[in-house]
Amino acid sequence: MKENPHLIIFNENKDTRGCLVAIEGGNNIPFEIARVYYIYNTPQNIERGFHAHRNLMQVLIAVNGIIEVTCEYHGQKSFYLLDSPKKGLLLSGLVWHTMKFVSDDSILMVLADTYYDESDYVRNYNDFITLEQNFLSGFLHERA
């Protein structure tokens, strides 16, 4: 099921020993998790991403530091601030996204619903725009 990008707030168990956040595929993550990867040692204010996926569902979590995510989908742009390890950003399908690592101690963990598949990537922005236009025209045609 494709959804617009949105934040997920995870339950946090906190006591004098610290904080614990449990992440469960099919529960507080809306898919079964097939792959986990993380990005770290990225210098401050560096941007990454600059791509979309055709089908991949993923949740982005800043387990440390602050990461600003820009998403473009359905002809609109949205901005999300990942500034807590109890926040996740769900990206589902055709969403052009960039991630700016605001602090040099930022660590981005990504949970994905499938294994790595290069053919799922859309790395050219003009190709993304064309796919978006085809998706939107097909969606409007179905509703007519």
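**View 1. His53 in strand β5 of the predicted model.** In this model, which is predicted rather than determined by experiment, His53 belongs to strand β5, a stretch covering residues 46–53. With a relative accessible area of 2%, His53 is buried, and its side chain makes a polar contact with the side chain of His51 at 3.4 Å. Leaving aside residues up to four places away in sequence, His53 touches Gln58, Gly93, Leu94, Val95, His97, Asp120 and Tyr121.

**View 2. An open sheet of 5 strands.** The strands follow one another in the order β1-β9-β6-β11-β4, and their pairing is antiparallel. At the edges lie β1 (6–9) and β4 (35–39), each of which pairs on one side only. On average, neighbouring strands of this sheet are turned by 25° against each other, when direction is ignored. Within the sheet, strand β6 (residues 57–64) is joined to strand β9 (residues 87–92) by 4 bridges, and Leu60 has Leu89 as its bridge partner in β9.

**View 3. Salt bridges, of which the structure holds 4.** Among them is the pair Arg17 and Asp15, whose closest N and O atoms are 2.6 Å apart; Arg17 is exposed, with a relative accessible area of 75%, whereas Asp15 is partly exposed at 39%. Another joins the side chains of Lys87 and Asp83 at 2.8 Å, N to O, and here Lys87 counts as buried because its relative accessible area of 19% falls under 20%, while Asp83 is partly exposed at 36%. Glu118 and Arg123 also form a salt bridge, with their closest N and O atoms 2.9 Å apart; Glu118 is partly exposed at 37%, and Arg123 is partly exposed at 47%.

Technical notes. Residues numbered from 1 in each chain as written. Predicted model: local features only at pLDDT ≥ 70, side-chain atom pairs only at ≥ 80, totals over all residues. Heavy atoms only, no water. Helix = DSSP H or I, 4+ residues; strand = E, 2+ residues; numbered from the N terminus. Buried < 20%, exposed > 50% of the residue type's maximum accessible area, 1.4 Å probe, protein only. Polar contact = N/O pair within 3.5 Å; in protein donor to acceptor, adjacent residues only side chain to side chain. Contact = heavy atoms within 4.5 Å. Pairing = 2+ DSSP bridges. Axes fitted to C-alpha atoms, helices over the stretch in contact; angles between N-to-C directions.
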